[in-house]
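I opened the model to go through its aromatic pairs, its cores and its pocket. My entries follow in the order I looked things up.

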Amino acid sequence: MKTELKLEIIQQAAAYMQQHNIAATQLAKLSGINESYLSNMLRGIFTQKTSKGEVSIADKWFMRLADAIGYKIQKTYWETVITPEFREIITALEEAKQHTRSLMIIGNTGCGKTYAIDRFIKQQPLHTYKITVSALYNLTDIINELLHQLQLDERGSRASKLKHIAIRLRDLKLRFQFLYGAIKTSICINHFDIINWFQFLYGAIKTAQHYTKQPAHFQVSIPLWCD
């Protein structure tokens with residue numbers, strides 16, 4: 001990858017951070033790039049000191065950063081078609097976050113729910129958390145995943161964990177409200193399995209609303225069976 005393209009990606013990343021009021025640490029989580037690597041990249045330093053000496057930061061990290069901020073660096077031969085269903089999901093997510101509402105999205109497997117949620121998170125990364133679960137997950141697993149994303153201790157009872165989450169979300173709200181004005185937190189739970197989903201959703205919605213007073217979005221896939 002040429003240096004000019006790397007600099008263009010960094011410029012776009014800086015603009016993305018300013019537009020969405022996010023720090024480098026949040027961009028690192030969103031992109032999955034090591035914070036030390038990203039810090040150097042954002043400062044225009046494309047090398048990293050290691051135990052084996054100074055090495056160049058691999059192109060894959062610049063590509064991952066570009067993908068995280070939605071910046072296309074390669075020609076696309078198969079463009080994504082924005083369907084009415086996609087617009088409907090995005091609009092519902094935006095309204096739910098804006099008005100602090102809980103939302104449940106139900107649709108057939110492959111109709112684009114996960115893609116829409118990922119696009120929504122890229123558009124509104126500040127205080128938007130995504131948890132992908134399976135049939136093996138229970139409410140404690142979901143709580144632990146949220147604790148991990150909020151950088152909180154995962155030890156303790158379920159009640160104490162939920163209180164810690166609520167306190168952290170309130171602290172974040174107050175801190176960023178002082179800096180940027182009113183902010184909204186959104187928790188997206190990406191649920192792929194229909195097994196026991198009624199009980200799962202009921203418990204998760206009641207718990208999230210009671211303790212955090214924040215909107216929670218739940219995505220459910222209904223498997224399609226073909227003969």
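I started with Phe 62, which counts as buried at 0% relative accessibility. My cut-offs: buried is under 20% relative accessible area, exposed is over 50%, and partly exposed is in between, with a 1.4 Å probe and protein chains only. This is a predicted model, so I note the limits: local features need pLDDT of at least 70, side-chain atom pairs count only at pLDDT 80 or more, and totals for chains, interfaces and linings use all residues. Residues are numbered from 1 along each chain as its sequence is written, and side-chain values use heavy atoms, with hydrogens and water left out.

Next I listed the contacts of Phe 62, leaving aside neighbours within four places in sequence. They are Met 1, Lys 6, Ile 9, Ile 10, Met 41, Phe 46 and Ile 57. Contact here means heavy atoms within 4.5 Å.

I then checked Lys 6. Lys 6 sits in helix α1 and is buried, with a relative accessible area of 11%. With neighbours within four places again set aside, Lys 6 touches Met 1, Phe 46, Ile 57, Asp 59 and Phe 62. Helices (H or I, at least four residues) and strands (E, at least two) are DSSP runs, numbered from the N terminus.

Aromatic pairs came next. Rings of Phe, Tyr and Trp (its six-membered ring) pair if their centres lie within 6.5 Å; planes under 30 degrees apart are stacked, over 60 edge-to-face, the rest tilted. I get three aromatic pairs by this rule. Phe 46 and Phe 62 are edge-to-face, at 5.1 Å centre to centre and 90° between the planes. Phe 46 lies in the loop between α3 (35–42) and β1 (47–50) and Phe 62 in helix α4, so their pair ties together parts 16 residues apart in sequence. Phe 46 is buried too, at 14% relative accessibility.

Phe 86 and Tyr 115 form a tilted pair, 5.7 Å centre to centre with 40° between the planes. Phe 86 is in helix α5 (residues 84–98) and Tyr 115 in helix α6, so the pair links distant parts of the chain, 29 residues apart. Phe 86 is buried at 11% relative accessible area, whereas Tyr 115 is partly exposed at 35%.

Which residues have the most contacts inside the largest nonpolar core? They are Leu 27, Met 41, Phe 62 and Leu 65, in a core of 19 residues. Helices α1 (3–20), α2, α3 and α4 each supply at least two residues of this core. Another core, of 16 residues, lies apart from it and has Leu 139, Leu 152, Leu 162 and Ile 165 among its members. I define a nonpolar core as a set of buried Ala, Val, Leu, Ile, Met, Phe, Trp, Tyr and Cys residues joined through side-chain atoms within 4.5 Å.

The largest pocket holds about 840 Å³ of space. Of its 29 lining residues, Gln 26, Lys 29, Leu 30, Thr 128 and Tyr 129 are the closest to its centre. A pocket, on a 1 Å grid over the protein atoms alone, is an open set of points where a 1.4 Å probe fits, with protein on both sides within 12 Å along at least five of seven lines; lining residues have an atom within 4 Å of a point. Helix α2 gives the most to the lining, with six residues. I count the lining of the largest pocket as 12 nonpolar, nine polar and eight charged residues.

How values were computed
Grid points are joined across faces, edges and corners, and a volume is the space filled by probe spheres set on the points. Ala, Val, Leu, Ile, Met, Phe, Trp, Tyr, Cys and Pro count as nonpolar, Asp, Glu, Lys and Arg as charged, and the others, Gly among them, as polar.
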